[in-house]
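Welcome, and thank you for taking the time to explore this model. Please have a look at the sequence and the structure below, and then we will walk through them together.

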Amino acid sequence: MRPLIAALALCFTLPSAADTLLVDNVNGYTLTQDGLTQFGALLVKNGKVVETGARGAFTQADRRLDGKGMTLLPGLTDAHGHIMGQGYLQSDLNLTGITSKAQALARIQAYAEANPQAQWIRGRGWNQELWPDRAFPTAEDLDAIVKDKPVWLRRVDGHAGWANSKALSMAGIKDNTKDPDGGQISRDNQGKADGILVDNAMSLVEEKIPARTEQENRVALDVALKQLSSLGLTGVHDAGVGYDTLALYQAKDANGTLPLRIYAMLSDVETLSRVAGPYEGDHLVARSVKLYADGALGSRGAALLDDYSDMKGHRGLLIHPVPELKKRIKAVIDRGFQANVHAIGDRGNREVLKAMAQFGGPTQRNRIEHLQVVAPEDFDAIKSAGIIASMQPTHATSDMNMAEDRLGPVRIHGAYAWRTVLDKGIPLAAGSDFPIESANPFWGLYAAVARQDHQGQPATGWYSEQALSREEALHAFTLGAAYAAFQEKQLGSLEPGKAADFILVDRDYFKVPAAEIWQTQVLATYLDGNPVFVTKGFEQR
């Protein structure tokens, strides 16, 4: 593949051809095409798996790691996350999990007081569905605590934002400002702009926010990479990478400081137009493009074929008119890139399906990101078009408090339908959509298997007929994710010749009660047979 930014030279130092690592005394598992395989020892040479065997089967090695009987799994890949967003969350205002508007306002005020130098108060994570009245907040709420500087807070799903009056004024938003195409300026009963902006309307405010500095970006990236490695992730499919961020990733890949594999989806056709072609480095690949069809269910921006059950006359939003959406999908495919399109509602999914069937094919491995609500009659067509379902198990357990309100008792059966996807023969890759959800892949594995929250509710699982087996869930985070990135021959399992990406964890994923899966702790993470995260007691010698 040709480099996207050709000025950067690769200088990553790979393990020596003579370097061998022996990982012994483990409770090892890996998936293969033939199913699940168990082993007690793993032999690695030059960063690649040589073979697996029984405990004590191998003796000669340059480096040794005693697994102390702990469980060893292939490194996990999150097939849909946002690495820079994860890093920014550590410095911005984080409203994730707040259970009332009063608590949210108290945290905003405390953050503003602790950061008097900030030109803007910005953050994300609020979710009105967790609040007692489930009502959207307003600019007036924010004005009561922060009036002298702009405030901009993205909703948990990233498809709506909450602004104070200062931010609205700086964006030029007035009561009579027209809704942009693919967006909505929310208004109260008197027609006054109330501070909530949905989808494309968010750009009216966001284009006024000062760009982050180079140093801020580097710090955010390093923080995120460290966190992700500590959670057992050896790969992330980064869903929306701009040109400058791509350059930052390439620089780290070139100097050998990327502690996980990034499969970058370029940010829409605007970024695609700036690159020469696909790129493949040591730990960075960029050969796909992230596009958008619609918004999100929580903010009622997901495009539905019929009215929202809890808002008659409203069917959500398409980010682009259908001809423009088709034009963008075709442009990506014509450039030889994989098209990965965000689609939540059943109309959004149908429009993407039709375009992909028209312009692509099974060898293209185009992806629908989320595939959250699908009309039952469309699943077979998705299979025929060779589309990959890139889905996020924790979305179901986070959305179960409002999804049926939005969709009603019939459409809900085509939502978060992982079992239907597999039964139809559609390839499935799993992720989290962090920082919207937790980046911890064991939370995703638990949600896929149990379809319950961390308190074990609902007792029988939410629409449990759509649950996955433990093996199927692990496949979606390993081989399924690898297939979705054209990497199934190099990654996703611990078979001879594949990259030695693996993790040690503190419990047996396949044998512990399902309720314990999300509590799994990572003890060590290895990439190419080299440690990128290790807890005390699991250092190699």
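The model is predicted, with local features needing pLDDT of at least 70 and side-chain atom pairs counting only at pLDDT 80 or more, while totals for chains, interfaces and linings use all residues. Residues are numbered from 1 along each chain as its sequence is written, and side-chain values use heavy atoms, with hydrogens and water left out.

Asn27 has its place in strand 2 (residues 27–32); helices (H or I, at least four residues) and strands (E, at least two) are DSSP runs, numbered from the N terminus. With a relative accessibility of 15%, Asn27 counts as buried, where buried means under 20% relative accessible area, exposed over 50%, and partly exposed in between (1.4 Å probe, protein chains only). Setting aside neighbours within four places in sequence, the residues in contact with Asn27 include Gln38, Arg55, Met70 and Asp508; contact means heavy atoms within 4.5 Å.

The whole structure holds 10 aromatic pairs, counted when rings of Phe, Tyr and Trp (its six-membered ring) have centres within 6.5 Å; planes under 30 degrees apart count as stacked, over 60 as edge-to-face and the rest as tilted. One of them is the tilted pair of Tyr29 and Phe510, at 4.6 Å centre to centre and 45° between the planes. Tyr29 lies in strand 2 and Phe510 in the loop between strand 23 and strand 24, so this pair ties together parts that are 481 residues apart in sequence. Both Tyr29 and Phe510 are buried. Trp131 and Trp162 form an edge-to-face pair, with 6.4 Å between centres and 65° between planes. Here Trp131 sits in the loop between strand 10 (121–126) and helix 3 (139–143), and Trp162 in strand 12, 31 residues apart. Ring pairs link Trp126, Trp131, Phe136 and Trp162 into a cluster.

Strand 12 (residues 160–163) pairs with strand 14 (residues 193–199) in the antiparallel sense over three bridges, and Ala160 has Val198 as its bridge partner. Strand 13 and strand 14 run antiparallel too, joined by four bridges, with Arg187 opposite Ala193. In their hairpin, five residues lie between the strands, and Gly191 takes a positive phi near 80°.

Which residues touch the most other members of the largest nonpolar core? Among its 95 residues, they are Ile83, Leu297, Ile329, Val352 and Tyr509. Such a core is a set of buried Ala, Val, Leu, Ile, Met, Phe, Trp, Tyr and Cys residues joined through side-chain atoms within 4.5 Å. Helix 15 (residues 441–450) gives the largest share of this core, six residues. A second, separate core of 21 residues includes Ala160 and Val198, the bridge partners from the sheet.

In the loop between strand 22 (428–430) and helix 15 we find Asn440, which is buried at a relative accessible area of 12%. A polar atom of the Asn440 side chain lies 2.9 Å from the backbone nitrogen of Phe442. Asn440 and Leu228 are 212 residues apart in sequence, yet 7.8 Å apart in space, C-alpha to C-alpha.

Our last stop is strand 24 (residues 522–527), where six of six residues are buried. Strand 24 runs antiparallel to strand 23 (residues 502–505), with four bridges between them. Four bridges also join strand 24 to strand 25 (residues 530–534), again antiparallel. Strand 24 and strand 25 form a hairpin with two residues between them, and Asp528 in the turn has a positive phi of about 55°.

How values were computed:
Two strands pair if DSSP finds at least two bridges between them. A polar contact is a pair of N or O atoms within 3.5 Å; within protein, one must be able to donate a hydrogen and the other to accept it, and residues adjacent in sequence count only if both atoms are side-chain atoms.
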